[in-house]
Every structure is written in C-alpha cells, then in structure tokens.
Amino acid sequence: MSQELYTNIAIFVLSILVGFEVISKIPATLHTPMMSGANAIHGVVVVGTILIALEAHSILFYVIAFIAVFLASVNVAGGYVVTDRMLTMFSKPKKSDDQSQDGGEK
Amino acid sequence: MSLLMTIVSLMYLISAACYVIGLHMMRTPKTARNGNRVSAVGMIIAVIMTFLIALHQNEATMTGSLILVVGLVLGLGYGTIRARTVEMTDMPQLVSLFNAVGGGAAAAIGTFDYLSMAAGSHLHFAFSFPVALDLVIGGITFSGSLIATGKLAGKISGKPITFPGAKLLNAVVVIVILVSVVLTIGFAANSWWLILTLCASLVFGILMTIPIGGADMPVVVSLLNAFTGLAVSMAGFVIDNQALIIAGALVGAAGTILTLQMAAAMNRSVMNIIAGGFGTGDSNSAAADDIPVNVKETTADDVGVQLAYANNVMIVPGYGLAAAQAQHEVAELAKLLTDHDINVNYAIHPVAGRMPGHMNVLLAEVNVPYDQMKQLEEANSMFENTDVSLVIGANDVTNPAARRKGTAITGMPILDVDKSKSVVVIKRSMSTGYAGIQNELFSDDKTHMLFSDAKKGIQEIIASTKEYLDE
C-alpha cells in the first residue's frame with residue numbers, strides 16, 4: 001500500500017468517527033436542518049466535478065463532465081440555501097408575549 | 001510539494017474543519033444558522049482552492065472551461081431557486097432530490113476517470129476499487145433517491161409496490177453487480193464492465209426503493225443521505241482529493257446515525273424497513289366507517305369549553321397536521337390560549353412528519369417558540385399534569401398498545417397521551433394508522449373524538465374557544 005492511500009484511508013476512518021461524535025449530540029428537534037446541512041456538505045463533490053471538467057478533451061467527456069458539474073452545483077447551492085432558510089425560522093426573534101411558557105408544568 | 005499545492009492542501013484542511021465546526025454548531029437553534037454559514041465558508045474556500053489548482057495546471061480546453069461555467073451557472077441557479085421556493089412541507093423530497101444529484105455527480109466522477117484510462121491498460125487496485133464502490137453506491141443513491149423523491153411528492157404511489165418474482169429479480173441484479181464489480185476491479189480497463197456496473201446499480205436503486213411504503217421514506221431518505229456521503233468519499237479516493245474524502249465521510253456518519261435513530265423510534269430494524277412491503281395489509285378502507293360503540297364523539301363547541309377552562313394544554317401533532325396544512329391554525333389556537341395565560345406545549349414524537357425533526361421545522365415556520373416544542377421524554381413527564389391533550393393527525397405514536405406484548409407496535413416508544421386528564425383527537429375517521437391496528441387511545445374513557453379535517457376542525461375550535469374566553 002502506498003503512503004498516499006494509507007493517509008487517505010486514515011483520514012476517511014477518522015472523519016467517520018468525528019462525524020458520529022458530532023452528530024450524536026444534535027437534538028431531534030434540529031434533525032431536519034442538520035440533515036439538510038449535511039446534504040449541503042456533500043455538495044463538496046462540486047470540487048471534484050470542477051477538476052474533471054477541466055480535464056475533459058472529447059465529446060463523451062464533455063457530456064459526463066457537464067452532467068457532473070450541473071448535478072453537483074444544484075446540490076451545493078440548494079443545500080446551503082434551504083438549510084439557511086429553515087434555520088432562520090428557528091432563530092426568529094421571540095414575540096414579547098411569549099414569557100409565560102416556561103415548561104408549563106407546576 | 002510545490003508552494004501552491006502546500007497552500008491548497010492546508011486550505012482544504014481548513015475547509016474540512018469548517019464542516020466539522022459547522023455541524024457542531026447545529027446543536028442549538030441559537031448557533032445553528034451561523035454553523036451552516038461556517039460550513040458554507042468552508043465550501044467557498046474549497047471551491048476557490050480548486051480553481052487555483054485548475055488555473056495553475058492550465059490544461060483546460062476552451063470547451064471544457066465553457067462547459068464548467070455553463071454547468072455551474074445553471075446548477076447553482078436551479079438549486080437556489082428550488083431551495084428558495086420549496087414549501088416546508090415538501091422539504092423531505094427536496095433533501096431526497098439533493099441526495100440524488102450528489103450521488104449522481106459522484107458516480108459521474110468515477111465514470112469519467114475510469115473511462116479516461118486507455119482501454120486494456122493495467123488497473124491499480126487502489127484506483128479501481130474506489131471507482132467500483134463509487135459507481136455502485138452513487139448509482140443506487142441516484143435512482144433510489146429519485147424514486148424516493150417521487151414517492152414523497154406523491155408523483156409515484158406511496159404504497160409499497162411489489163410484484164411476483166421481485167425477490168428473485170433483486171437477487172439476480174445483486175449478482176450482476178457483484179460480478180461486474182469484480183470484472184471492473186480485477187481486470188484490464190474495459191469500459192463495458194463499468195457501464196454494466198453502473199446500469200445494474202441504477203436498476204438496483206429503483207428495485208430497492210419501490211417496495212418501501214411512504215411512511216418509511218424518512219428512514220430511506222436518511223439512509224440514502226449516508227450513501228451519498230460515502231459515494232462522495234469514494235469519488236475523493238478516485239481523484240485523490242481529501243476535501244471530498246473528509247466531507248463525504250462526515251455525511252456518511254451523519255446519515256447512518258439518523259437512520260439508526262429513526263429506525264429505533266419506529267421500533268424496527270433498518271433491514272426490516274429496507275425489505276419493504278410494510279403496511280401492505282391495508283385496513284384503512286375496511287375499518288374507516290365502523291365506529292366502535294365505546295368511542296365517544298364530541299363537537300368543536302365542547303372542545304372549546306374544555307380548552308377555555310384548562311390550565312395546561314398539550315398539542316400532539318402528527319403527519320396528518322402537515323398533510324392538511326393546518327400548522328397556521330394550530331399556532332393561532334395556541335396563541336389564543338397563551339394570550340389567556342393557558343400553558344401550551346407541543347409533544348413531538350421523533351418520527352412525526354416526513355423526515356426526522358420535520359414537525360419542528362413546520363412549527364418553527366409558523367412562529368412556535370422553540371421552548372414549547374417538547375421531545376418525547378420531556379413531553380412524557382408532562383402528560384400527568386396536562387388537562388387537555390389535543391391530538392391532531394397523530395395515530396400510532398400515541399397508541400398505548402405499544403406497552404403490551406404481542407401487537408404490531410409493541411416496544412415502540414410512544415407519547416403517553418393517555419396519562420393526561422382528558423384527550424381530544426381530531427381525525428377524519430376511525431381509520432388505522434400506518435401499523436394497521438386500532439388505536440386503543442381512541443376508545444379510552446377520557447378520550448373524545450372530533451371527526452373532522454384538521455384545518456376545518458381547528459378553525460371551529462378557535463371560534464368556540466373565543467366565545468368561552470369572552471373575546
């Protein structure tokens with residue numbers, strides 16, 4: 001195994017563990033925005049598609065590259081925008097008449 | 001390593017750190033929005049660095065660059081428009097669509113790089129293995145997510161679609177995938193094996209998703225989210241790009257955890273859900289019309305009295321509420337009550353809505369304060385002191401039968417609605433929920449049923465409550 005491959009595998013494994021650790025602390029209330037946020041993060045695939053688009057040298061590869069770039073950029077733009085929209089709803093300023101609901105049980 | 005590559009590598013590392021920090025900040029509503037922005041900054045850094053590499057290598061053809069720009073503009077535009085205009089009730093299908101495009105893009109990267117190899121040239125395992133995985137996972141995700149999107153959007157029947165010989169066909173397709181993967185990996189480059197792998201994976205994605213019922217879709221979307229992450233990670237191995245490897249692995253882990261949590265909240269294994277066909281014993285139509293004698297009906301007027309004289313009210317929303325688009329009415333009712341010093345809270349089951357946490361988003365959209373949304377455990381500790389529980393469009397998650405042995409939902413974590421002093425259920429009919437069994441809560445002595453559409457029912461309740469509150 002090359003040094004390069006070993007490094008990549010190590011990074012892969014450690015990232016999965018970090019992912020488990022970070023995600024398991026997120027409350028169920030925020031699971032939809034979190035999932036959507038994670039969705040945006042896999043939009044990083046756009047980086048790969050940019051690289052292949054610039055390597056393309058014939059019609060077949062132009063087609064594949066175009067599909068890849070288009071799909072990935074839908075992913076990355078849509079993911080971040082919709083997550084932001086959702087989270088705006090969670091951070092709306094509370095109205096002044098909301099103070100009476102602390103817990104509800106006495 | 002040249003200076004440029006050193007800088008680029010370090011910046012990729014920073015962008016990866018941004019994703020982790022961003023996700024970490026999504027723990028609380030206060031920091032969540034900034035967390036998403038931190039993650040977006042990481043993404044922008046990664047994209048800029050990629051353009052730096054591209055400019056430096058300067059190998060691009062005119063056409064290639066043109067295609068890149070056009071693809072980016074169209075994709076970013078389309079994605080932004082969809083994200084801006086989507087209704088919050090339609091969020092699950094949008095997330096599923098983004099899974100599809102992400103998986104598709106990852107599979108395209110693998111296809112591109114493999115086809116770039118001269119036919120017959122020797123393959124390195126370290127290259128061909130991730131290519132094969134990328135194609136299989138990416139392909140399954142692409143077609144499977146599109147089917148899931150269609151089911152969630154109602155364009156494809158939400159009912160499990162099964163046909164004779166489906167199991168056999170599945171087995172055949174799996175064998176084709178395995179064989180073609182071995183051929184793709186183990187022998188000299190041959191584009192036909194690659195195409196076979198891709199096609200078989202696409203077919204499998206469809207076969208895997210069509211037998212799964214609509215109510216299980218949240219788990220499937222979550223699982224496919226994990227798949228997309230893994231596919232992106234594999235694409236990272238193929239083009240030796242660590243930004244893709246790290247981000248993909250993070251998402252893979254996130255999706256996996258959510259999938260397991262959702263399955264646990266439904267008291268079923270992930271395998272059982274994927275096997276599909278659940279809920280085919282469709283008893284809805286049969287049971288809908290007969291109302292058992294021990295079920296008590298009520299009117300909006302009576303509910304209004306109950307609410308007006310209550311101290312603590314718990315609203316238990318389910319998917320029926322979202323389907324009827326009654327969030328605004330519910331929030332209006334809650335506001336009316338809180339304005340008269342009646343405590344209102346929402347008891348939210350983990351699988352309420354169409355994806356994990358979906359109900360919370362729908363309530364947040366209509367300005368329900370975050371601290372009124374109670375999760376399962378907290379809500380359950382509050383029912384004993386609740387005067388009126390208002391169940392709107394929720395069914396199986398409130399069924400006390402889950403506490404007994406030998407029922408379809410035995411062991412499923414439920415909301416202890418039956419422990420509150422009185423219960424009002426707004427429902428169109430006595431039809432069963434997804435599990436296909438009668439809800440014992442409905443025939444409880446304390447329970448009154450208001451047979452109505454959620455939206456119309458709540459509007460009537462608001463009107464009558466206003467009368468009794470002297471408005």
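Predicted model: local features only at pLDDT ≥ 70, side-chain atom pairs only at ≥ 80, totals over all residues.
**The interface**

Start with who takes part: chain B brings 115 residues to the contact, and chain A brings 89 residues. Put together, the two chains bury about 9100 Å², and carbon and sulfur atoms account for 73% of that.

What about charge pairing? Between chain B and chain A there are two salt bridges. One of the partners' links of this kind joins the side chains of R37(B) and D84(A), at 3.8 Å from N to O. On the side of chain B that touches chain A, the residue classes come out as 64 nonpolar, 40 polar and eleven charged. As for polar contacts, 17 residue pairs link chain B and chain A, counting pairs with both residues at pLDDT 80 or more.

**A helix tucked away**

Now to chain A, where helix α2 covers residues 31-41. Eleven of its eleven residues are buried, so the helix is largely enclosed by the rest of the structure. Among the buried residues of α2(A) are H31(A), P33(A), M34(A), M35(A) and N39(A), with I41(A) on the list too.

**Cysteines**

Over all chains, the structure has zero disulfides.

| Residue | Relative accessibility | Class |
|---|---|---|
| C18(B) | 11% | buried |
| C199(B) | 39% | partly exposed |

The cut-off for buried is under 20% relative accessible area. C18(B), at 11%, therefore counts as buried, while C199(B), at 39%, lands in the partly exposed class.

Key: Residues numbered from 1 in each chain as written. Chains lettered and ligands numbered in written order. Heavy atoms only, no water. Contact = heavy atoms within 4.5 Å. Buried area = accessible area lost by both parts, 1.4 Å probe. Salt bridge = Lys/Arg side-chain N within 4 Å of Asp/Glu carboxyl O. Polar contact = N/O pair within 3.5 Å; in protein donor to acceptor, adjacent residues only side chain to side chain. Nonpolar A, V, L, I, M, F, W, Y, C, P; charged D, E, K, R; others polar. Buried < 20%, exposed > 50% of the residue type's maximum accessible area, 1.4 Å probe, protein only. Helix = DSSP H or I, 4+ residues; strand = E, 2+ residues; numbered from the N terminus. Disulfide = S-S within 2.5 Å.
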